[in-house]
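Here is my note on the model, point by point. Please keep the structure open while you read.

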Amino acid sequence: LTEEAASDAPACGPLETASESAGAPTTEPSGEAAALESTGEEQAPTPQEPASQEPAPAAPAAPAAPVAAPPAPPSEDVPSAPLLLALEDVSDSSVTVSWEPPEKLGRLGLQGYVLELCREGASEWVPVNARPLMVTQLTVRNLALGDKFFLRVAAVSSAGAGPPAVLEQPVHVQKIIEAPKIRVPRHLRQTYIRQVGEPVNLQIPFQGSPRPQASWTHNGHALDSQRVNVRTGDQDSILFIRSAQRSDSGCYELTVCLEGLEAKAAIDILVIEKPGPPSSIRLLDVWGCNAALEWTPPQDTGNTELLGYTVQKADKKTGQWFTVLERYHPTTCTISDLIVGNAYSFRVFSENQCGLSTSAATTKELARIQKADIAAKTKGFVERDFSEAPSFTQPLADHTSTPGYSTQLFCSVRASPKPKIIWMKNKMNIQGDPKYRALSEQGICTLEIRKPSPFDSGVYTCKAVNVLGEASVDCRLEVKGKGTRNVLP
């Protein structure tokens, strides 16, 4: 096998030379081919098939694949032709083809594949890859626009190359045209609303290759260059209006054209301002504490629909305006709950998305709420007697204290008139004793015992007395001392 590979090596020399001298396009093999090249293993050169088996075809007059002579019966040492040769991708500078391995790999095994190229009008097949590559897909790069050629691929073993598989149609390298497309931002897919005096700045991205031509129209007519500025780049077009006016409302259409292809996008712009006031207003009727109003819609709605009306009233005495109704849609209303004896003025504002109208329609005449002739019938007032004898709602609670720490006793009493509170210890009145402080506020009775000692232990009584009677509550206070035993009476 080594001798055969050595004897076949010179046969590939002319092909490699032709490829280099003609500036053959470069190839980009798949990851498998790159791995083979990085190992540094020497691949056997692609042997040329004998001239008797495949003579060079004459230059074809029409774009058709070069005609090859009927091949000789295949040898068992060389592989058969690759299967399913197909064109995967064509760009303006590269071509990618793929194929499937042959059915028969030959007795000597497969060393790789050789891709060859024959330009239209030529008779010589030029190898694209100088050495066989173990890949089933190749990309031919660095092609020139307008190139037209045929491609074929052959499987190679150490005994030589097998019969090639030829693309039926020639490959034509043409300029790739990407159809134009416009991408309208989400917020512009509905009516774009601006107020009078605000700027309008629309940036609409588009795509297409080569760069397409963009143009704008307003309601089907050309733009007013004195009011509208347009700047178009490679990937977007910007429409700018420094100060919007109501006349700028309408449908703006962007058209992107590229070699007979075009894309369009329509954007609706609405420029609005505050509405005018209602045209007129009048007071229909006044009865009781009610007044009926009627008005007519404004002549200018601000270039948009109204959200309703705001109705306000003002008392003649104060002159202050108060809102009665907001975003009220009918043009008639009845205002109730007016104060008897007062005179009222009414006014109505129009409202849209920009807000209330700068002025209002005001009634010329006053709505006077007259006093009705009603005689008031007074009823005799029966005064309720809230007198009550004392009663304790919260009694005193037994308490235990520590010597030297002030303590308090609490209870609550209910009585009318206000009762007199008397505190007693062991049934002895302790009023005026500086050791004790008695408080009474809103029925809460408090007795504070300042720094008690075991001597202060005993039974404490709170007594409440008024003209209707008296009541009392008791509790036991125990002041624990160290080593001291208290004896209570």
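**Notes on the strands and their confidence**

1. Gln203 stands opposite Ile238 in S16. Pro205 stands opposite Asp236, also in S16. These pairs belong to strand S13 (residues 200-209) and strand S16 (residues 236-241), which pair in the antiparallel sense over 6 bridges. Two strands are said to pair if DSSP finds at least two bridges between them. Helices (H or I, at least four residues) and strands (E, at least two) are DSSP runs, numbered from the N terminus.

2. Before going on, note the ground rules. This is a predicted model, in which local features need pLDDT of at least 70, side-chain atom pairs count only at pLDDT 80 or more, and totals for chains, interfaces and linings use all residues. Residues are numbered from 1 along each chain as its sequence is written, and side-chain values use heavy atoms, with hydrogens and water left out.

3. Confidence comes next. pLDDT is the predictor's confidence in each residue, from 0 to 100. The protein chain averages a pLDDT of 81, and 82% of the residues score at least 70. Two stretches need care. Over residues 1-24, pLDDT stays under 50, and the model has 28 contacts beyond four places in sequence for them. Over residues 30-65, pLDDT also stays under 50, with 66 such contacts. Contact means heavy atoms within 4.5 Å.

4. Now the whole chain. The protein chain has 3 helices and 36 strands. Of its 489 residues, 37% are buried. Buried means under 20% relative accessible area, exposed over 50%, and partly exposed in between (1.4 Å probe, protein chains only). Take the contacts between residues at least 6 apart in sequence: 66% join residues at least 24 apart. The accessible surface comes to about 28,500 Å², and 49% of that belongs to carbon and sulfur atoms. Accessible areas come from the Shrake-Rupley method with a 1.4 Å probe; for residues, only the protein chains shown count as cover.

5. Back to S13. This strand sits in an open sheet of 4 strands with the order S11-S13-S16-S15 and antiparallel pairing. The edge strands are S11 and strand S15 (228-232), each pairing on one side only. Neighbouring strands here are turned by 15° against each other on average, direction ignored. Axes are lines fitted to C-alpha atoms, for helices over the stretch in contact, and angles run from 0 to 180 degrees between N-to-C directions.

6. Which residues of S13 are on the covered face, and which on the uncovered one? Val200, Leu202, Ile204, Phe206 and Gly208 form the covered face. Asn201, Gln203, Pro205, Gln207 and Ser209 form the uncovered one.

7. Ile182 is worth a look. It lies in strand S11 (residues 178-182). S11 and S13 pair in the antiparallel sense over 3 bridges, and the bridge partner of Ile182 in S13 is Phe206. Ile182 has a relative accessible area of 16%, so it counts as buried. Leaving aside neighbours within four places in sequence, the contacts of Ile182 include Ile204, Pro205, Leu254, Val256 and Lys264. Ala263 is also in contact with Ile182. Ile182 and Ala263 are 81 residues apart in sequence, yet 6.5 Å apart in space, C-alpha to C-alpha.

8. There is a further sheet to inspect. In this open sheet, 3 strands run in the order S19-S20-S23, with antiparallel pairing. Strand S19 (281-287) and S23 are the edge strands, and each pairs on one side only. Neighbouring strands of this sheet are turned by 20° against each other on average, direction ignored.

9. Strand S20 (residues 290-295) and S23 pair in the antiparallel sense over 4 bridges. Ala291 stands opposite Ile335 in S23. Leu293 has Cys333 as its bridge partner in S23. Strand S23 (residues 332-335) has Cys333 and Ile335 on its covered face, with Thr332 and Thr334 on the uncovered one.

10. Last, Thr461. Is this residue buried or exposed? Thr461 is buried, because its relative accessible area is 8%. Thr461 lies in strand S35 (residues 458-466). A polar contact of 2.6 Å joins its side chain to that of Asp474. A polar contact is a pair of N or O atoms within 3.5 Å; within protein, one must be able to donate a hydrogen and the other to accept it, and residues adjacent in sequence count only if both atoms are side-chain atoms. Not counting residues up to four places away in sequence, Thr461 touches Ile422, Trp423, Met424, Ser472, Val473 and Asp474.
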